[in-house]
Each structure stands twice: as structure tokens, then as C-alpha cells.
Amino acid sequence: MTPRIVGEARPNSFEFETSALIKQSGFREYDARWWFGHPGSEVPPELNLIGVQALGMGLGTLIRRLGVGPDIVTGHDFRSYSLSIKLALVSGLMAAGARVRDIGLALSPMAYFAQFALDTPSVAMVTASHNENGWTGVKMGAARPLTFGPEEMSALKAIVLAGDFDLAGGGSYDFVRDFRATYLNDLTRDKRITRKLKVVAACGNGTAGAFAPEALQRIGCEVIPLDVELDHTFPRYNPNPEDMRMLHAIRDKVLETGADVGLGFDGDGDRCGVVDNEGNEIFADKVGVMLARDISLLHPGSTFVVDVKSTGLFNTDAVLRANGAVTDYWKTGHSYIKRRVAELGAVAGFEKSGHFFFNPPIGRGYDDGLVTAIAICQMLDRSPGRSMADLYRALPLTFGTPTMSPHCADDVKYGVVERVVADFQAMKREGASFAGQKIIDLITVNGVRVVAEDGTWGLVRASSNKPELVVVVESPVSSQRRRQMFDAVDAVLRRSPEVGAYNQTF
């Protein structure tokens, strides 16, 4: 007999302490993310520890049904509640017969690495990534280096919500000591650079503070630490390299210290943000173009995968064309890009959010912010006499925006995006003017990317892990055209009253 599964339960009540609270909307496209809450929060929780235990039972059931065996790696990020959540997850996994290898406090890529190093096919990493305190979640996979996609997440959701568990028993638990050292040794082996680089390592007081400074020092960098002390209250800002507050803090430290580059890492260390030596905050898609130029020179004819939020330069850049590079635009989301990189045998995949994926010989196919940081340092090492700002200036000029996210509830956001797509399709069909020009292309692989005659484009999609939409705009022409496109896209969004305020604009 297992606990009753419920979608709502009031804290400090008998039901909350005796039922498995697990809101169905927490099962997202490719990972799981719930509001767990924290003391003083007025937002009702979507998950309790019994619910986490049920999630473990469901995941243990699923990996056996997938035929990959009972062995699984677990780890947790640095949140006040993450260890408790992981232990509840472990108890559920063991009830379903899983053999758990626990690597302790970890980065998400460290857990992915453990799948290879410990020869363990499955992974369950407890992390809320860059989400604000109060959020929790699990990144899962059963076919290294891939993580779950919609098919596996739907199967897991069905098992958990129905209580359809195979509680075989016979599970086991093994804590893997000193795995941090194993990870750092592998990460930095044969990666030493000869150029003297002064690097700001910014961690937002998140988990990466225990890893990034040492990794960069090992390859030969002079490291200037910024908010590297672990502090799960995140006293300055959320560790999120897409957040302008974090990027501005990195910029200020770079300018103060005369650093060659500033590198920022998110809460679970699978993303990397970049500020150049002149204090310019370089959006991750432009960093991707710079890396693609460097990599395609070493490996002519390389294939790259990028998400639909990314700059159009991947298709138009003369250097990439001269190096024979081919770029595939694909769905946003670390699981989608990771799978596409594997399917196409691409050298690398880049997301505007800062998830970068490197296949051999650079990486193992999963997203690791430290692998990305080392690749950036190696790019600079191969460019003697040129600064990060020089490499940035060498790119054709475009006018882009940060990723902007207006609030939109999880239960309506996909419907809103469907209406937006239909509106754009109708405008294109009718030859209507949009943002002052005709629509020449609509890319609907993930939401909609509307492209005007001069190459200016705007993207609208549903966030995969938060109650938000995602909006990005870029113009190869001018900041004025960027503003025109944003205003026009926003006007379409405002036809839906469910769309709220933006988290940031430009």
C-alpha cells in the first residue's frame, strides 16, 4: 500500500503529513519542477516530501520498465532543502528496487559525468537550476548522455499520478566518497593553457562556487572569485547568467580588476555566461558563434545545433561559411538540443540560455558550464594578441535582446502560444504588414519565430520549466528595428489577458 496521491494539500494539516502531494503541472517537457516553498512563503506548495518519495517510486518503476536496469546516480544542489528532497527521492527509488549511487552535493554535469565514470545508466539530479529559492526539481535520464524528453516525462507522470508502482524491493544505497575530486580531475586533465588569463569566476553563491574557481585555476588561469561562497539564501541575486543583475555584477568586477574575461555560472553549473574585458555582456548565442568559428577552424565542415532563440548569424556568418560549418536550428531546451546533437553527430550545440553541449573530443555530449568555460579559455589561448572584446567585435553587428519572460500560468501558456502562432500564420497568409514589413518566414519548430524582410525577427514560446512565456528579438539592421519588432510582438501577446508582466526588458 502506498500513500494517496493528491494535487492539493494545505500545509500544517493531517492530509499534508499523510498524503503524497505532487501537482501534475510539475511534470514538464523534459524535467520536473515544483514550488516546494520556504518559511514565510504565502504561495501554497505543489510538492511535499511524501510526494518526492512517490516520484522516486515512479522513477524506479520507469527505469526498470525501460529495460535499463536498476542502477541510478543521485546528487543534489546547494539549497536549504535539497538534501531532504534527495533522501526522500532515494527512499522511493529503493522501494522500487533501485540500486542508488549517491555522489552527494554536486553540479548537474557532475551527475551526468558520474553515469560514465561509475558505469551507471540512469541519473536523478535534485536541482531547481536557476529558479528562485522555494523551487525544486529533478533532472533525469536513462540513456547517457541524454536526459528525459516528453515521452519519458509523460510515462513518468502517468505512473506517479496513478500510483502504478512496481515496488520490487531489494534496493540498495551506496554513498560515493570524494567524487568531486574525480570530476575535477577528469574535467581539467590535459587542458592547461599557456596564455596568462585573469578570469572572474562568478557563482551567485550557488553550487558552482565549490567547483568553478578550482577548475579554472587548474588549467592555469588567475581566478578572481565573485560570490563563490556557498549561501543558499542567494543574498545578492539568483545564480542565473541570463539575469542582467548577475551580468552587471560580473561586468563591474571585470572593469574593477582588469580581467580578461568574466564567466558566470548558474545554480547547478550546467550553464555559463560571459562578459568581455571591456565589460560587454555577451549573450550566449553570440558566444556560441565565437566558439563555432574557433571549433570549425580546427574541425572544418562541423555541424552545430542551436536553439530557435539564437542569433541568425549561425546561418549568415561569412567565417562559418568559409569553414564549411552547417547549423541546424532546433527546439529550445537542454534535453531537445542534447538529443539533436547526438542524432546529427554535431560537434557542439548552443542555447541562448547558456547551455552548451560538446561532443568528443571536447566533451561527452551533455551540458557542462565548466567545460564551456574551459573551451572559452582555450579559444582565447589560441588567439594570442586578441582580447575577448576583439573576438566579439569581429562578429557582424546585430541588435539583440536578453531573454524576456512575461508571466503566464502553466495551465494556459501553451494555449496562448497556439493562439499567437495562429495569429502570425493568418498575417503571413494575408500578406499583412508586421512591424512595418511583410513576414517572409515563420519557424514553428518551437513556438513561433517571425522573420521580417530585413532579417529582423521575434520569437515567442512557452517556457518549459516556469509559468512564463519566452520572448527574444534580434535585428541585423538597427536598435530601432529591434524596438519595432518587440513592440509588434508584444502587441500580439497583449491580445491574451493571461499574459502578465515581463521579468526584464531592454
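Modeller: Start with N48, which is buried, at a relative accessible area of 3%; buried means under 20% relative accessible area, exposed over 50%, and partly exposed in between, with a 1.4 Å probe and protein chains only. Bear in mind that this is a predicted model: local features need pLDDT of at least 70, side-chain atom pairs count only at pLDDT 80 or more, and totals for chains, interfaces and linings use all residues. Residues are numbered from 1 along each chain as its sequence is written, and side-chain values use heavy atoms, with hydrogens and water left out.

Colleague: Where does N48 lie?

Modeller: In the loop between strand 3 (32-35) and helix 2 (49-65). Helices (H or I, at least four residues) and strands (E, at least two) are DSSP runs, numbered from the N terminus.

Colleague: And what is N48 in contact with, leaving aside its neighbours within four places in sequence?

Modeller: F16, S19, A20, L21 and F36, where contact means heavy atoms within 4.5 Å. The side chain of N48 also has a polar atom 2.7 Å from the backbone nitrogen of G51.

Colleague: OK, switching topic. Is D252 buried or partly exposed?

Modeller: D252 counts as partly exposed, with 42% relative accessibility. Its place is in helix 8.

Colleague: Now the core. Which residues touch the most other members of the largest nonpolar core?

Modeller: I103, L216, L263, L291 and F350, out of 69 residues in that core. A nonpolar core here is a set of buried Ala, Val, Leu, Ile, Met, Phe, Trp, Tyr and Cys residues joined through side-chain atoms within 4.5 Å. Helix 13 (residues 369-381) gives this core its largest share, nine residues. There is also a second, separate core of 35 residues, with I22, L62, M140 and F165 among them.

Colleague: What does L216 touch, sequence neighbours aside?

Modeller: Beyond four places in sequence, L216 is in contact with V199, A201, C221, V223, L263, A373 and C377.

Colleague: Which residues of helix 6 are buried?

Modeller: In helix 6 (residues 179-188), F179, Y183, L184, D186, L187 and T188 are. Their cover includes strand 5 (99-105), helix 4 (108-117), helix 7 (212-218) and helix 13.

Colleague: On to pockets. What volume does the largest pocket have?

Modeller: About 680 Å³. On a 1 Å grid over the protein atoms alone, a pocket is an open set of points with protein on both sides within 12 Å along at least five of seven lines, a cavity is a set where a 1.4 Å probe fits but cannot get out, and lining residues have an atom within 4 Å of a point. Grid points are joined across faces, edges and corners, and a volume is the space filled by probe spheres set on the points.

Key:
Polar contact = N/O pair within 3.5 Å; in protein donor to acceptor, adjacent residues only side chain to side chain.
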